[in-house]
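I opened this notebook to keep track of what I looked up, one topic at a time. The entries are meant for a reader who is new to this structure.

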Amino acid sequence: MDWLLDIRQSALGCCSCNTVKAWLPILSWLPQYNLKWLRMDFLAGLTVGLTVVPQALAYAEVAGLPVQYGLYSAFMGGFIYTFLGTSKDVTLGPTAIMSLLCFSVVGGQPNRAVLLTLLCGIIQAAMALLRLGFLLDFISFPVIKGFTCAAAVTISFGQVKGFGGGLALIPFMGLLESIAIAKAFASQNDYRIDANQELLAIGVTNIMGSFVSAYPVTGSFGRTAVNSQTGVCTPAGGIVTSVIVLLSLEFLMPAFYYIPKASLAAVIICAVAPMVDYRVVPKMWRIRKLDLLPFFVTFLMSFWEVQYGIIAGVAVSGVLLLHTLARPQIKMSDHGVLVMELSSGLTFPATEYLSHIIHTEALQASPPRSVVLDCCHVSVIDYTVISELRDLLRQFKLRRVQLVFSGLQLPVLKVLEAADLQGFRYTDSVDAALQMESQSLLHDDQRCPNTVWRGDI
C-alpha cells in the first residue's frame with residue numbers, strides 16, 4: 001500500500017498552495033493589492049496604451065497585414081499576463097522583430113497569420129510544460145545583439161523581403177526576446193522571474209490570441225521600459241492597456257484609415273532605432289574580443305536569411321564553448337613533485353589535451369616525474385576521462401612514479417571509486433599529497449595517513 005500513499009502525497013503536492021501560486025502568480029500579489037498600486041497601475045497602463053496603439057498599427061504594416069491586425073494582437077497579452085506573468089514590468093504585444101519574422105511566413109495573408117499564432121502558442125506552451133526554458137540559455141548575448149541590430153537596420157530600410165521564415169524559429173525567438181526583457185527589468189528593479197512560467201504566459205497569450213485574429217506576439221522592450229518608468233506596481237497595468245486597445249478598435253477604427261503611410265513608417269523607425277546598439281561593440285572589444293565573432297557572424301548572416309544568422313551565431317558560440325571545454329586551463333607548479341591544478345570539470349572533449357600535458361610534462365620527462373592532480377574545482381567527470389585515467393595510472397606505474405588526486409569533490413570521488421581504478425590514490429589536500437610523496441621517496445611502497453590506496457595492477 002506504500003505506492004498508494006506515494007500517489008496521494010504526489011497529488012497533494014501538485015494541489016498545494018505553493019504549487020497553485022507558482023502556476024497562477026496573480027495569487028501572490030492580489031491579496032496585498034491596494035489603492036496606491038491601483039493608481040500607479042492605471043497611470044502606467046494608460047501611458048502604455050497610448051503608446052501601443054500607433055505602434056501596433058505600424059507593426060502590422062511590417063508583418064504585411066491590414067493595420068487592424070496590429071490592434072487585434074495588442075490586447076490579449078494584457079489580460080493573460082496579469083494572471084500568468086511573473087514580471088510587473090513586461091508588456092506583451094506586437095513587436096518589430098516578431099512582425100519581421102511573421103512577414104515571410106504569412107505573406108500578407110491574415111488567415112495564415114492566425115494559424116501561425118496558434119501553432120506558436122502551442123509550441124511555446126508545450127515548452128513551458130516540459131520545463132524546456134533552459135534551451136534559451138544556449139543563445140548568447142552577442143548572438144542576440146547581432147540579430148537585433150541587423151533586424152533594426154533591415155526594418156528601417158524596408159528590406160523585409162531579405163528575411164526568410166520558418167515555423168520553428170518564430171516561437172523560439174518570441175520566447176527569447178520576452179525572457180531577455182523580463183530578466184533585464186527584473187534585475188533593474190530587484191525581483192526575480194520564473195522563465196518557464198514566462199513561456200507559459202506567452203504561449204497561452206498566443207493560443208488565445210489566435211481566436212481573435214492576432215498574429216504572434218512577445219514582450220516589447222520599448223513599451224516595457226515605458227511601463228517600468230511610469231511606476232507600474234503589478235501586471236494589472238496590462239488590463240488598462242488592453243481596455244484602451246479595445247476601445248480604439250470599437251470607436252477609432254474608421255479614423256485609422258486616414259493615417260498616412262509615412263506616419264506609420266516614422267513610428268516604425270523611431271521604435272527600432274534604439275535597437276541598433278553600436279556601443280556594445282567597443283564594450284565587447286574591451287571585455288572579450290572573441291565575443292565579437294558570433295556578433296558579426298549573426299549580424300551579417302541575418303541580412304541573407306534570419307534563420308541562417310541565428311543558426312550561424314549559435315554554431316560559432318557553440319564552437320567557442322566547446323573549445324573552452326576541450327582546452328581547460330591547467331595551472332602547473334613545481335614542488336619537487338609536479339602539481340597540476342585543473343580549472344573546471346573533466347569531460348570527454350578535454351581528455352586528449354589533459355593526457356598530452358601529463359605525458360609531455362611528466363611521463364616523457366627525464367627522469368619521469370610524479371604528479372599531483374589538484375581537482376578541487378572539478379565537479380563533473382565522465383566515462384571517457386575514466387578510461388584515459390586508467391591508462392595514465394598504468395603508464396605512471398610502469399615508470400615507477402605516482403599520479404595522486406587531491407581535493408576531490410564527493411560526486412567525483414564516488415565516480416572514481418566506482419570505476420575501481422588500479423593504483424588510484426587520493427588525499428584531502430595538495431599539502432597532504434606532497435607530504436605523502438616526500439615520505440614515499442624515503443619509504444618505497446609505504447602507505448601514508450589521509451590516503452586511500454587501491455592495489456597495484
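The entries below go through a helix, a loop and a surface patch, the cavities, and the salt bridges.

**Ground rules.** I am working with a predicted model, in which local features need pLDDT of at least 70 and side-chain atom pairs count only at pLDDT 80 or more, while totals for chains, interfaces and linings use all residues. I number residues from 1 along each chain as its sequence is written, and my side-chain values use heavy atoms, with hydrogens and water left out.

**Helix α7.** I looked up how well α7, residues 96-106, is covered, and found that 8 of its 11 residues are buried. For the terms, I note that helices (H or I, at least four residues) and strands (E, at least two) are DSSP runs numbered from the N terminus, and that buried means under 20% relative accessible area, exposed over 50%, and partly exposed in between, with a 1.4 Å probe and protein chains only. The buried residues of α7 are A96, I97, M98, S99, L100, L101, C102 and V106. At the start of α7, I found a side-chain oxygen of T95 that comes to within 3.3 Å of the backbone nitrogen of M98. Just after α7, G107 has a positive phi of about 55 degrees.

**Around the end of α8.** I next looked up L130, which sits in the loop between α8 (110-129) and α9 (141-156). L130 counts as exposed because its relative accessibility is 60%. The C-alpha atom of L130 is 8.8 Å from that of N196, although these two residues are 66 apart along the chain. L129 lies in helix α8, and I list L129 as exposed too, because its relative accessibility is 54%. L129 also belongs to a nonpolar surface patch of about 520 Å², made together with V20, W23, L24, L27 and F83. Such a patch joins nonpolar side chains (Val, Leu, Ile, Met, Phe, Trp, Tyr) within 5 Å, and like charges within 9 Å, using residues with over 30% relative accessible area and no salt bridge.

**Cavities.** How many cavities of 30 Å³ or more does the structure hold? I found 3 of them, a cavity being a set of points on a 1 Å grid over the protein atoms alone where a 1.4 Å probe fits but cannot get out. The largest cavity holds about 140 Å³ of space. It is lined by 20 residues, of which G78, V90, T91, L92 and G238 are the closest to its centre; lining residues have an atom within 4 Å of a point. The elements that give two or more residues to this lining are α4 (35-62), α6 (76-84), α12 (221-229) and α13 (237-251).

**Salt bridges.** A search of the whole structure gave 4 salt bridges, each being a side-chain nitrogen of Lys or Arg within 4 Å of a carboxyl oxygen of Asp or Glu. One of them joins D89 and K88, with the closest N and O atoms 2.9 Å apart. In this pair D89 is buried, because its relative accessible area is 0%, whereas K88 is partly exposed at 22%. Another joins R288 and D291, where the closest N and O atoms are also 2.9 Å apart; R288 is partly exposed at 36%, and D291 is partly exposed at 24%.

I also looked up D391 and R394, whose closest N and O atoms are 2.8 Å apart in their salt bridge. These two are separated by about one helical turn, because they are 3 residues apart in helix α20, residues 383-398. D391 is partly exposed at 27%, and R394 is partly exposed at 37%.

Terms used
A polar contact is a pair of N or O atoms within 3.5 Å; within protein, one must be able to donate a hydrogen and the other to accept it, and residues adjacent in sequence count only if both atoms are side-chain atoms. Accessible areas come from the Shrake-Rupley method with a 1.4 Å probe; for residues, only the protein chains shown count as cover. On a 1 Å grid over the protein atoms alone, a cavity is a set of points where a 1.4 Å probe fits but cannot get out, and a pocket is an open set with protein on both sides within 12 Å along at least five of seven lines; lining residues have an atom within 4 Å of a point. Grid points are joined across faces, edges and corners, and a volume is the space filled by probe spheres set on the points.
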